Amino acid sequence: MSKKYELRLYVAGKTLKSTTALSNLKKYCEEHLKGQYVIEVIDLLEHPQLAEGDQILAIPTLVKKVPEPVRKIIGDLSNKEKVLVGLDIRTKD
Amino acid sequence: MSKYTALKKEANKLTTLPKTPTGINGLDEITLGGFPKGRPTLICGGAGCGKTLFSLEFIVKGVTDYNEPGVFIAFEEKAHELAMNVTSLGFDLEKLQKDKKIKIDYIHVDKSEIEETGEYDLSGLFIRLGHAIDSIGAKRVVLDTIENLFSGLDNEGILRAELRRLFQFLKDKGVTAIITGEKGEKTLTRKGLEEYVSDCVIFLDHRVINQISTRRLRIIKYRGSLHGTNEYPFLIDEEGISVLPVTSLKLDKPVATSIIKSGIPSLDQMFSLGGFYKGSSILVSGTAGTGKTSIAASFVNAACSRKEKSLYFAFEESPSQIIRNMSSVGLDLQKHVDKGLLKFYAARPTLYGLEMHLVAIHKAIQKFKPDVIVLDPITNLITVGSFSDVKSMLVRLIDFLQESQITVMFTALTLNSIINEQTDDGVSSLVDSWLCIKDIEFNGERNRGLYVMKTRGMKHSNQVREFVITNKGLDLIDVYIGPEGVLTGSAREAQVLLEETGMVLHSNALGRKDRELLRKRKVLEAKIESLKTEFESTEEELNKVYIEEDIKREVITKTRKQMTQFRSGNYQKPDQANPKEE
């Protein structure tokens, strides 16, 4: 696996959902994408203007910019299977 | 409009609900001031009913008329698409965005891109909305159409909770918001948005009846405020939306006592006050080709010559056609058009529904502010509505015109069938004056007879006048009433000629009699003269006898005296007796 994953996690302050999402994301990445990923956490409370660019509605939202296609995963990422499918790490059965 | 201000005053006493004027033509009158300030309003309706335009105009007018910046959150169209759609209405969204008066934010929800796992909320939307509002200090917000969220996100439970929070968020922000929603099967909106927006709900409708579409608007609910409850037609044209509250509630119109001339002096003479009341309504009815349009045109011509503005609604002929045709009867309407005193508004009746015609007429009148208007002919409107529809439309139109003190002349075509006589009757109860032109068919020709059916508030002639159209204009002539009845046209002319001939003959006969008399007099006078001479000679004759008699008697007396003297022998001095005898 030589693909480089650029992941952005949009949050709004340090809410329970945000922290859950971030810890879930880190866990999955360590398991499946060790060394191939970059996670950028954007707090919209600090940078509200950034919400427009990635069409963010829901919080938390994980955006996979690279590799294509662009995917968005919303929620606290508690469903591991869905997250892995969403990130194209695992194909849908 | 007076009645609305009156209602408004009443409303202000009862409630202190502050309102945000929408700036949409006519809507603020129905809502008595606009939408509830600082609260969300729901606008719902089917596809293509004008929801987006409505809400966009709310934002644009907010900026241009009330200096209130606005945010437009579009879930359906991109900002530049929106801008393009409304440039035809003269809204320059690009410029307004550059001036930081309007912010258009396009929110795109694509189900294929989104995967949902676990709990989430819509803080992202709130943050965007909050940021947009704060960045330009917006007072107005539109969410068009928020239901799109439901197609992009699966978890309806979360969505509903978040929508509730969203409306609370908007209220907390103190912005006046419009939320649009697509009409559902049985509910006002597909996703039941009305349960979140409880302050004001407006329903837009686009109905097609007899192949003619009419847009209508109704305020379903407006908490804490009085409002008009009817369905109001509205019009989308090059100036945006116009809603006109066309149903009047009261009969308390001002009346004028001044008189307006008809443009036909002989017609004015048929009225005791020499014309129509200003602000009254006049119906001219007649069969085809009786000169209704000519009367209307000369009415307009007279008004324009008095420097009054006139608006001519033509439902049958094009303006240039009317101008050309009227120049043949000596009416130059073009010069009034050039001076800007006369304006034509021509539309096919089938262009849109009756209500829309009414709205369009209202708009044209409010824009041009005429003193006199003509509707030619109203009967053509029946093609787009039933008779009762036309009547109710005209009631409202007359109502509006009376309020604005505009004199109106309608023309109505009557056929000689019974149905259309009823049409006359129906409309005639509304109008103040009714002129009727009838064909008089006699002696192998048709002529026009005009009479005044009614005039409210003044006496009028009860005579049928012959209505003639010449190339110098229109005129009314007294019909000839002879032993054979009413005569018109060439029969009247013939009768007049006949009478003239009679006069000549008569005067000739009189002359002859005069001369005869003169001659008789002369003869008689001559006779008298001769008799006089005769008498003189007779008199002389008679006188001669008298003298002779006298002389004779004298002589006899003298002789007798002498004889006596002789016989008696007495001597008498000669001077005592008869000196002549000496």
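B:L42 is buried, its relative accessible area coming out at 0% (buried means under 20% relative accessible area, exposed over 50%, and partly exposed in between, with a 1.4 Å probe and protein chains only). The residue B:L42 sits in strand β3, residues 40–45 of chain B; helices (H or I, at least four residues) and strands (E, at least two) are DSSP runs, numbered from the N terminus. Between the C-alpha atoms of B:L42 and B:Y66 there are 21 Å, for a separation of 24 residues along the chain.

A word on the model and its conventions. This is a predicted model, in which local features need pLDDT of at least 70 and side-chain atom pairs count only at pLDDT 80 or more, while totals for chains, interfaces and linings use all residues. Residues are numbered from 1 along each chain as its sequence is written, chains are lettered from A and ligands numbered from 1 in the order in which they are written, and side-chain values use heavy atoms, with hydrogens and water left out.

Over all chains, the structure holds 26 salt bridges, a salt bridge being a side-chain nitrogen of Lys or Arg within 4 Å of a carboxyl oxygen of Asp or Glu. One of them pairs A:K80 with A:E31, with 2.6 Å between the closest N and O atoms. Since A:K80 belongs to helix α3 (residues 80–86) and A:E31 to helix α1 (residues 16–32), both of chain A, the pair ties together parts that are 49 residues apart in sequence.

Chain B has its own examples. The side chains of B:R128 and B:D105 form a salt bridge with an N to O distance of 3.1 Å. This pair links distant parts of the chain, 23 residues apart, with B:R128 in helix α6 (residues 123–136) and B:D105 in strand β5 (residues 102–106) of chain B. Both B:R128 and B:D105 are buried. Helix α6 turns up again with B:D134, whose salt bridge to B:K173 has its closest N and O atoms 3.0 Å apart. Here the partner B:K173 lies in helix α8 (residues 156–173) of chain B, 39 residues away from B:D134. In this case B:D134 counts as exposed at 53% relative accessibility, and B:K173 as partly exposed at 32%.

As for individual cysteines, A:C29 counts as buried at 1% relative accessibility, and B:C436 is buried at 4%.

Helix α16 of chain B, spanning residues 489–568, holds B:E540. Together with B:E529, B:E536 and B:E539, B:E540 makes up a surface patch of negative charge. Patches are made of residues with over 30% relative accessible area and no salt bridge, with like charges joined within 9 Å and nonpolar side chains (Val, Leu, Ile, Met, Phe, Trp, Tyr) within 5 Å. B:E540 itself is exposed, at a relative accessible area of 60%. Helix α16 of chain B also carries B:Y546, which counts as exposed at 57% relative accessibility. B:Y546, B:I547, B:I551 and B:V555 make a nonpolar surface patch of about 430 Å²; accessible areas come from the Shrake-Rupley method with a 1.4 Å probe, and for residues only the protein chains shown count as cover.

That leaves the backbone. Most residues other than glycine have a negative phi, and most peptide bonds are trans. The bond from B:D144 to B:T145 is cis, with omega near -20 degrees, and B:T145 falls in the loop between β7 (140–144) and α7 (148–152) of chain B. Another cis peptide bond joins B:D376 and B:P377, at an omega of about -15 degrees; B:P377 is in the loop between β18 (372–376) and α14 (387–403) of chain B.

B:K369, a residue other than glycine, has phi near 50 degrees. B:K369 occupies the loop between α13 (354–368) and β18 of chain B, and is exposed with a relative accessible area of 59%. B:Q405 is not a glycine either, yet has a positive phi of about 55 degrees; its place is the loop between α14 and β19 (407–413) of chain B.

How values were computed:
Lys and Arg count as positive and Asp and Glu as negative; His and the chain ends are not counted. The place of a charge is taken as NZ of Lys, CZ of Arg, CG of Asp or CD of Glu.
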